[in-house]
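Work through the exercises below with the model open. Each task is followed by its solution.

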Amino acid sequence: MTDYALHLDAIEKVYNRGRPNEVQVLRGASLTVEPGEVVALVAPSGAGKSTLLHIAGLLDTADTGRVRLGGRDMTDLGDRRRTRARRAEIGFVYQFHHLLPEFTALENVTLPQLANGTPDRAARARATELLASVGVDHRAEHRPSALSGGEQQRVAFCRALANAPRLLLADEPTGNLDPTTSDTVFAALMKLVRETGLAAVIATHNLELAARMDRTVHLTEGRVS
């Protein structure tokens, strides 16, 4: 099988199945992303893009369909193996940074590596390198509350890439920022993605940002086109 970074095959997801308020969010959604490819996922609010990203990232399960990462079928993994796969192979970025407030920027990027078994010195060195690559290494010893919104999100990008995943999933990563900061932060994200060569699926409402990615797909009526 071709070593796709991500392959979603006929994903279906229904909430409140069998109840009067049953909602089918995904209706056979399929998506393939090649290594090194950056794909924009464009969809209106409530269309199910977050659900699709959560299934792709092994945070949720589909009712039917298959999820493959790097050619390996992840669909039927148990909770422990799904957790290991998420930690080692997938990076997540959300609209809000979700940094740990009691830790510095450097520590926020170091901690995921320690959880993955990386020695402390090597983890701190990689964290410093990542922060420098997006221009926030001079803020490494500051806690999130002392950082601007754009700085916080750049630190969140570094944290997502700390364990050198094969896939980045980002859900409206610049949606909480003003246009100027959004553009700066998006450029930093693309720099990181291009330098590391990983695949990325980035959900966004911003068509200008989507146009700067390799390909745009749309999620409508539960299907990807």
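**Exercise 1.** Locate Arg139 in the predicted model, then list its contacts beyond four places in sequence.

Solution. Step one: Arg139 sits in the loop that joins helix H4 (120-133) to H5. Step two: leaving out residues up to four places away in sequence, Arg139 touches Ala105, Ala146, Leu147 and Glu151. Step three: for Ala146 there is also a polar atom pair, with its backbone oxygen 2.5 Å from a polar atom of the Arg139 side chain.

**Exercise 2.** Determine how the axes of H3 and H5 are arranged.

Solution. Step one: take helix H3 as residues 105-115 and helix H5 as residues 149-160. Step two: their axes come within 8 Å and cross at roughly 20°. Step three: angles under 35 degrees count as roughly parallel, so H3 is roughly parallel to H5. Step four: the handedness of this H3 and H5 crossing is right-handed.

**Exercise 3.** Describe the span that the UniProt record annotates as "domain: ABC transporter".

Solution. Step one: the annotation, from an unreviewed UniProt entry, covers residues 6-225. Step two: the end C-alpha atoms of residues 6-225 are 16 Å apart. Step three: the secondary structure of this span is 35% helix and 25% strand.

Definitions and conventions: Residues are numbered from 1 along each chain as its sequence is written. This is a predicted model: local features need pLDDT of at least 70, side-chain atom pairs count only at pLDDT 80 or more; totals for chains, interfaces and linings use all residues. Side-chain values use heavy atoms; hydrogens and water are left out. UniProt positions are given in the numbering used here, feature names are shortened, and annotations may be inferred rather than shown by experiment. Helices (H or I, at least four residues) and strands (E, at least two) are DSSP runs, numbered from the N terminus. Axes are lines fitted to C-alpha atoms, for helices over the stretch in contact, and angles run from 0 to 180 degrees between N-to-C directions. Angles under 35 degrees count as roughly parallel, over 145 as roughly antiparallel, 65 to 115 as roughly perpendicular and the rest as oblique. A crossing is left-handed if the near helix is turned anticlockwise from the far one by less than a right angle, and right-handed if clockwise. A polar contact is a pair of N or O atoms within 3.5 Å; within protein, one must be able to donate a hydrogen and the other to accept it, and residues adjacent in sequence count only if both atoms are side-chain atoms. Contact means heavy atoms within 4.5 Å.
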